[in-house]
Amino acid sequence: MNIIETYNLSKSYNGVSALNDISFGVEQGELFGLIGPDGAGKTTLFRLLATLLNPDSGSAVVNGYDIAKDYQKIRSCIGYMPGRFSLYPDLSVEENLNFFAALFGVDIKESYSLIAPIYKQIEPFKSRRAGKLSGGMKQKLALSCALIHKPAVLLLDEPTTGVDAVSRSEFWDMLSQLKESGITTLVSTPYMDEALRCDRIALCNEGRILGIDTPARITAEFNSKLYSISANNMYALLNAARKIEGVIECYPFGEKHHLVADNNFNPEIFISKLSYIEGVTIEPAEPTIEDMFIKLMKQ
Amino acid sequence: MRDIVISVHDLTKCFGSFTAVDNISFDVAKGEIFGFLGANGAGKTTAMRMLCGLSYPTSGRGTVAGYDIMREGEEIKRHIGYMSQKFSLYNDLTVWENMNLFAGIYGLSKEETKKRSEELLSQLNFLSERNTLVGSLPLGWKQKLAFVVATIHNPDVVFLDEPTGGVDPITRRQFWELIYKASERGTTIFVTTHYMDEAEYCSRVSIMVDGKICALDTPTRLKEKYSAKSMDEVFRTLARKAERGE
Amino acid sequence: MKNNFWQFVKKESLHIIRDKRTMLVVMLIPVMLMVLFGFAISTEVNNINVAVVAPDRSNSIDDAVETLSNNNYFTFCGYITQEQIDEKLRSGEVSAVIVFTPDYDRKLSQVAAGITSAPLIQVIVDASNVNTANSATAYLQNILLGKESKQSMFETRMLFNPQMKSAYNFVPGIMGFIFILVCAMMTSVSIVREKETGTMEVLLASPARPIKIIFAKMIPYFAISCIVLIMILLLARYLLEVPMSGGVFGIFTLSLLYLVLSLSLGLFVSTIAQTQIAALLISAMVMMMPIMMLSGLLFPIENLPLFFQVVSNIIPARWYIDAMRKMMIQGAPLIAVWKDSVILIGMTIIILAISLKKFNNKLE
């Protein structure tokens with residue numbers, strides 16, 4: 001049985017739909033990612049699962065409890081980290097941790113072994129005010145606080161937004177470690193590249209789920225030909241490539257452009273037709289989550 | 001050789017005994033899309049403030065759009081545009097009112113304002129939305145609009161601060177197309193960000209660690225040099241050496 | 001679950017202690033107000049310059065002026081005409097003018113015979129210094145008319161400060177104001193700050209009852225208010241020498257009730273406001289302004305237009321200040337202000353009930 005299961009969840013604010021008929025499940029012990037841009041409804045979904053909001057329609061079950069009826073029970077078994085910095089900046093690292101232990105009515109000693117791998121890294125600074133910590137250290141403290149009561153489910157809303165690349169990567173390492181101790185984690189992120197760190201992902205946009213699967217299977221579903229192209233003048237190449245026969249679409253992709261083609265497309269003809277542009281190259285490319293996301297958005 | 005639009009030599013900024021920006025030098029050519037990367041606290045913001053004429057360097061020299069950053073800060077402000085993800089447009093004003101406001105700030109005449117605004121809106125296929133409140137537009141549209149408003153006075157350089165964070169992949173690409181188009185017309189784009197996927201779109205990037213520029217090249221060559229698959233990896237390799245925090 | 005209530009109180013106290021600037025303001029404002037009113041007002045009556053207007057000089061008038069000149073407290077500055085009164089007072093040359101009615105002697109005998117009761121002597125006083133003016137008129141009345149003085153013969157006009165505000169009267173007003181500031185404004189801001197920074201989300205998503213956390217939040221503010229209360233009472237008693245003859249017990253009891261009421265108001269504001277700025281504005285506009293204007297702190301309620309007199313009834317501070325005046329200045333015991341007390345208790349229950357009902361275990 002899934003530890004999180006939602007059934008046709010919908011929620012709107014003042015007539016604007018934030019979440020539209022969402023149904024999905026998260027397995028026990030999974031590291032599940034909600035991938036999508038701002039406005040995809042990720043935060044609303046977290047607030048529903050954390051029992052902070054009531055759904056307009058549909059229902060959801062977390063750790064065997066219904067989010068509407070048994071919300072008090074759910075609150076004891078989830079660890080929730082909202083998108084904003086949710087610690088007290090004027091309290092020290094240690095005071096924050098003590099407060100959260102008191103909040104959940106637990107003794108720090110009981111759960112120390114669970115948070116130790118994370119908390120040990122910030123323990124040398126335990127008398128420093130949380131507001132004076134670096135972004136990465138704040139994250140570690142927030143995660144320690146969310147884990148203090150050994151929750152069955154960890155809900156992390158955009159924990160890596162606004163954090164630099166090094167800390168982000170460290171954070172994902174910590175989540176992988178937590179997976180070892182059997183905790184189920186639902187995490188959201190707007191960064192497509194982070195999807196690869198999850199067991200399974202749901203691609204979300206504008207309140208809907210575009211697709212759910214393992215990252216590998218999601219990219220495997222990209223069943224069109226994909227090339228990456230480049231030239232000395234990238235902007236001219238972009239406009240020219242779109243006019244070539246067999247090109248479904250062409251869009252910037254980092255330093256290169258990605259070109260999605262149908263079966264009529266021939267790379268050699270492509271090069272020869274664009275010989276007036278200097279330095280055109282074309283090579284087959286592996287589809288990424290982002291390519292798939294674009295494809296699903298257009299459907 | 002192409003025209004140099006931003007030129008910086010041995011630029012240093014100290015706050016007391018703390019050296020926020022430590023002897024940095026680089027040139028940016030006209031029409032280039034220059035990525036200015038660094039972890040939080042690496043000195044990015046301080047360096048950018050000096051380039052925008054908002055603060056004076058402790059030592060070193062530099063020019064932006066041909067004006068000296070030491071003496072001609074006011075001239076620099078007139079020839080650059082700025083857009084940040086956090087603040088860009090007024091939500092309680094309409095598209096047209098926002099454009100008029102920023103055109104007014106940069107001293108465009110009435111006729112110029114009208115001409116430029118219409119030109120920019122038609123470029124975005126946005127003419128029908130001119131009387132819409134900016135607050136009611138979707139995030140992606142706001143970002144695109146913010147960018148064209150930042151270029152309303154035809155600046156030589158546009159500074160972008162994390163321009164596409166949190167935007168969906170399609171809008172993000174439309175945004176980069178706008179940037180490419182602007183760069184094609186000769187506008188220099190200076191992007192500061194700590195999102196490495198934004199860095200991949202730049203023609204050249206510099207990476208700041210502890211106040212110094214420790215790498216400067218095209219993304220391809222940087223990836224080759226550090227045998228990394230992505231800019232993210234390059235950045236992590238370099239930023240791990242950082243000694244100071246935020 | 002172990003009892004974590006005091007942990008919450010501790011956390012809240014840390015927030016307050018670390019916000020040194022706010023602490024300083026809260027502690028300093030009452031002291032400043034009290035000291036200011038204490039020293040700005042001198043109660044000494046000495047060398048008051050007096051001029052006299054007498055259209056028809058007579059022996060009885062000369063006698064009265066003679067008595068006046070011989071008195072240590074007054075200096076006779078000569079006779080002036082009716083037209084000079086305003087100029088002399090305004091320039092500060094004299095502080096009081098005694099005006100004898102024309103044909104004083106004849107009218108005096110008529111009054112004595114009970115034929116008319118028109119005033120015979122008018123005293124015009126510069127009342128910008130309240131205490132001086134008060135004492136001066138009392139003395140003058142005594143000197144001029146002796147023991148047989150009849151109220152009807154004597155008319156007093158206070159210029160520049162007709163309401164006769166004094167330090168005494170300000171003390172209850174300051175108390176009514178400062179407790180709203182400390183309790184209502186500061187608690188509401190501190191609750192709303194948690195909403196703004198997102199920590200409220202974590203608190204709500206925890207198994208702890210949010211209302212318990214809110215009550216824990218109120219305790220330190222209650223404690224601070226008690227300290228401020230003691231400070232004000234000490235200053236009032238020993239610096240301003242407010243009599244407090246009604247008994248400190250009553251004053252304290254009613255003040256504690258008012259503190260609870262203010263805390264409930266703070267909780268109420270926090271259920272409406274989403275941002276700290278909004279909480280501050282609501283506190284300032286909806287609570288502070290009416291207290292200043294409508295509670296009798298600045299203007300006597302009887303002098304307000306009828307509409308505002310009616311409105312003033314729903315302002316808690318009005319009843320508190322009224323009761324405090326009676327107890328601190330007029331020396332009434334707690335039992336004498338039962339009406340104010342009952343109204344305050346009623347208001348507390350209503351506000352607390354509404355805010356507890358409005359306070360939500362969820363985000364919407």
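The model is predicted: local features need pLDDT of at least 70 and side-chain atom pairs count only at pLDDT 80 or more, while totals for chains, interfaces and linings use all residues. Residues are numbered from 1 along each chain as its sequence is written, and chains are lettered from A, with ligands numbered from 1, in the order in which they are written.

Let's start with helix H4 of chain A, residues 108-122. Helices here are DSSP runs of H or I with at least four residues, strands are runs of E with at least two, and both are numbered from the N terminus. H4(A) has 15 residues, yet its end C-alpha atoms are only 15 Å apart, short of the 21 Å that a straight helix would reach at 1.5 Å a residue; that expected span is 1.5 Å times one less than the number of residues. At Ile115(A) the helix bends by about 80 degrees, and Pro117(A) follows within four residues. The bend is the angle between axes fitted to the seven residues ending at a residue and the seven starting there.

Ile115(A) is also one of the buried residues of H4(A), along with Ile118(A), Tyr119(A) and Ile122(A). Buried means that 20 or more other C-beta atoms, placed from the backbone, lie within 10 Å of the residue's own. These buried residues pack against H3, H5 and H6 of chain A.

**Chain C**

Chain C holds 14 helices and five strands, and 38% of its 364 residues count as buried. Its helices H9 (residues 210-238) and H10 (residues 248-272) pack at an angle of about 145 degrees, with their axes 10 Å apart. The residues of this contact divide into 11 nonpolar, two polar and no charged. Nonpolar covers Ala, Val, Leu, Ile, Met, Phe, Trp, Tyr, Cys and Pro; charged covers Asp, Glu, Lys and Arg; the others, Gly among them, are polar.

**Where the chains meet**

Residues are in contact if their C-beta atoms, placed from the backbone, lie within 7 Å. The contact of chains A and B takes 24 residues from chain A and 28 residues from chain B. In the contact of chains C and A, chain C gives 23 residues and chain A gives 24 residues.

Note on methods:
Two residues are in contact if their C-beta atoms, placed from the backbone, lie within 7 Å. A residue is buried if 20 or more other C-beta atoms lie within 10 Å of its own, exposed if 12 or fewer, and partly exposed in between; C-beta atoms are placed from the backbone. Axes are lines fitted to C-alpha atoms, for helices over the stretch in contact, and angles run from 0 to 180 degrees between N-to-C directions.
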